[in-house]
Amino acid sequence: MILIDKEHTNKECSLAIVGGGPAGLSAAARAWELGIKDIMIIEREPYLGGILPQCIHSGFGTRIFNEELTGPEYAQRFIDLVKKTKIKIIKNTFALSIDKASKRKIRILTTNKYEGLVNINAKSLVLATGCRERTRGQILIPGNRPAGVFTAGFIQRLVNIEGYLPGKKIVILGSGDIGLIMARRLKLEGCDVQGVFELMPFSTGLKRNIVQCLDDYDIPLYLSHTVTKIEGRGSLSSVIISRVDNKLKPIKGTERKIKCDTLLLSVGLIPENELAKTAGILIDANTQGPEVDENFQTNIDGIFSCGNSLFVNDLVDNVTDDAFLAAEKAFAYMNGKIISRNILVRILPGENIAQIIPQKIYSLGNVSLWVRAKIPLKNAVFEIFTENIRDGFDKKPDNIIENKILFSKKLRFVFPGELIKINIAKDDFKDIADAANGFDIKALLRIK
Amino acid sequence: MENKKLTCISCPEGCILDAVIDDCRISSISGNKCKKGLVFAETEIFNPTRILTTTIRIDSEDYSRLPVRSSVAVPKNDIFTIISELKKIKVKAPIKMGDIVLKKSSSAKTAIIASMSIEK
Ligand SMILES: Cc1cc2nc3c(=O)[nH]c(=O)nc-3n(C[C@H](O)[C@H](O)[C@H](O)COP(=O)(O)OP(=O)(O)OC[C@H]3O[C@@H](n4cnc5c(N)ncnc54)[C@H](O)[C@@H]3O)c2cc1C
């Protein structure tokens, strides 16, 4: 914990944005368009664009720009846009902590090697700090701790930005999009990619990536497999792979040794919210991002969250849209148009749903929900119903209401790798809110 | 007559297509839920193309690699040839997004362009 010292240099602005990735840049561009004059983007790296400069493959912006751009191109378009404005870009600067200096003043303590500690005071704040990778510790593979075990994003940076290869014989654990993209990338650079191993019985990556990244290069994909041991003294020499049963437990007798010098772990991303936590922002256990309302406002007035720090997005186009909305709402807040009220409904994820954003809704209007499924389903239905027990523990009879379906929508297919957007019209939402009558509502996905 | 199985990548549904090829054309197709499947199968079977992305060396104060892409999709079979062409070149900053780093040639039938601007 760093204590904020009144002696630090102070800088003032109306809107501060932490993070200069696509979320931060999009929010800044929109805020400028709305007429907010003194905007500051705080970015810890020496360059803008977030993770996009290292995502050199194409597949970005198909919706926003109607073209298939590469990651650096998508970022460059927003960098060029922002550079034409008077938005202040503060690079090489780390945001350390946030607190509320007064009711309408948010204070961000930052540091850089030129000025030391600096307080940036803002009327409103957009958090766009992106996400970080899960590491090996978090999935606990037994064995030695040799060199040669890396996370996917780190290798992506090493290869695409620094220009180094991690090794020659590669094993990939995890078939999410980053794992698939890196399989192809390393193959193109001349590495021997032994295969992609996936714990689940399905890949969480997009089908198109399986075709374009694996099938095109004859890289095998092994579902229901995992790495059960890491071997090597000093550097990695081999890994042991096992099949897993339907409870995801390794099956004895299926072990197989694969020689390799690099193990690439593509085992997921987690929103980066260490900074948000310093402000006392509530974090949703499912998304690992801040709990927000329909305005992407956190539990702290004037602080908004968007992009991968709110929840892990698969499409940058959606990140831009949500960042635009966050900027619009921050603008409204600065003009006194968003006043905290009581929660109208709180939405909880039920069966087959991993995440729902926003977690709570304050006012009556059209509602958009982002939903992430836990498993792939064909001919599914999304349903909202009332949670029949208030507060979970309180089982007094008068607090139990019927399990009534309040909303339902058919979905031809759902897929964990792709977020589902559910739009609910104001009238339908009014019916839901009326029926819920202060109780929590729950959503689920099931086969029709 | 020949049978080909492929996964359509036109949309997330990922239909498994069964195409029957007769005399260098698709005589019948099944498994596709929409018309896009047929279009996809046509190009994928007779002239599969992909957008090529990689990085090349750059002389710059701030960066050591420049991300590049083919301006349009290239035939799948040309990918490794173009990659080895690109391994030979090194560019110098400043570079602007869209600048051509490798011109069209007999071995590379499409121009390769910079994906990012590097000032210095
Ligand atoms: C490998 C990979 C492949 C992808 N492929 C695709 C694709 O094909 N198509 C697509 O549409 N999307 C794709 N995505 C998703 C897309 O790239 C992300 O959704 C998007 O980049 C998220 O943007 P962001 O601004 O929220 O986060 P980021 O890009 O991570 O930016 C966050 C920024 O915040 C800065 N920051 C964090 N904390 C602090 C702090 N305390 N102080 C100062 N600065 C801070 C970071 O340095 C960073 O620059 C891919 C993502 C990955 C990782």
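## Ground rules

This is a predicted model, in which local features need pLDDT of at least 70 and side-chain atom pairs count only at pLDDT 80 or more, while totals for chains, interfaces and linings use all residues. Residues are numbered from 1 along each chain as its sequence is written, chains are lettered from A and ligands numbered from 1 in the order in which they are written, and side-chain values use heavy atoms, with hydrogens and water left out.

## Around the ligand

Let's start with the ligand. It has 33 residues around it, and the closest are A23(A), E43(A), G59(A), N308(A) and V316(A). (To count as near, a residue needs a heavy atom within 4 Å.) By class, the shell splits into 15 nonpolar, 13 polar and five charged residues. Here Ala, Val, Leu, Ile, Met, Phe, Trp, Tyr, Cys and Pro are nonpolar, Asp, Glu, Lys and Arg are charged, and the others, Gly among them, are polar.

On its own the ligand has 1,000 Å² of accessible area, and the protein covers 94% of that (Shrake-Rupley method, 1.4 Å probe). The elements giving two or more residues to the shell are α1 (22-34), β3 (58-60), β6 (94-102) and α8 (316-334) of chain A, with α8(A) supplying the largest share, three residues. Helices (H or I, at least four residues) and strands (E, at least two) are DSSP runs, numbered from the N terminus.

## Cavities

How many cavities of 30 Å³ or more turn up in the whole structure? The search finds three. A cavity is a set of points, on a 1 Å grid over the protein atoms alone, where a 1.4 Å probe fits but cannot get out, and its lining residues have an atom within 4 Å of a point. Points are joined across faces, edges and corners, and the volume is the space filled by probe spheres set on them.

The largest cavity holds about 60 Å³. Its lining includes I56(A), H57(A), Q156(A) and T53(B). Two elements of chain A, α4 (152-162) and α5 (177-188), each give two or more residues, and α5(A) has the largest share with five. Four lining residues are nonpolar, four polar and two charged. The second largest cavity has about 50 Å³ of space. Among the residues lining it are R184(A), Y217(A), R50(B) and I79(B), and the classes come to five nonpolar, one polar and two charged.

Most residues other than glycine have a negative phi, and most peptide bonds are trans. Now for the exceptions. A cis peptide bond links I357(A) to P358(A), with omega about -5°, and P358(A) sits in the loop between β21 (353-357) and β22 (360-361) of chain A. In chain B, A93(B) and P94(B) are also joined in cis, with omega about 0°.

N92(A) has a positive phi of about 50° without being a glycine, and F296(A) has one of about 60°. N92(A) is partly exposed, at 32% relative accessible area, whereas F296(A) is buried, at 5%. (Buried means under 20%, exposed over 50%, partly exposed in between, using a 1.4 Å probe and protein chains only.)

Note on methods
On a 1 Å grid over the protein atoms alone, a cavity is a set of points where a 1.4 Å probe fits but cannot get out, and a pocket is an open set with protein on both sides within 12 Å along at least five of seven lines; lining residues have an atom within 4 Å of a point.
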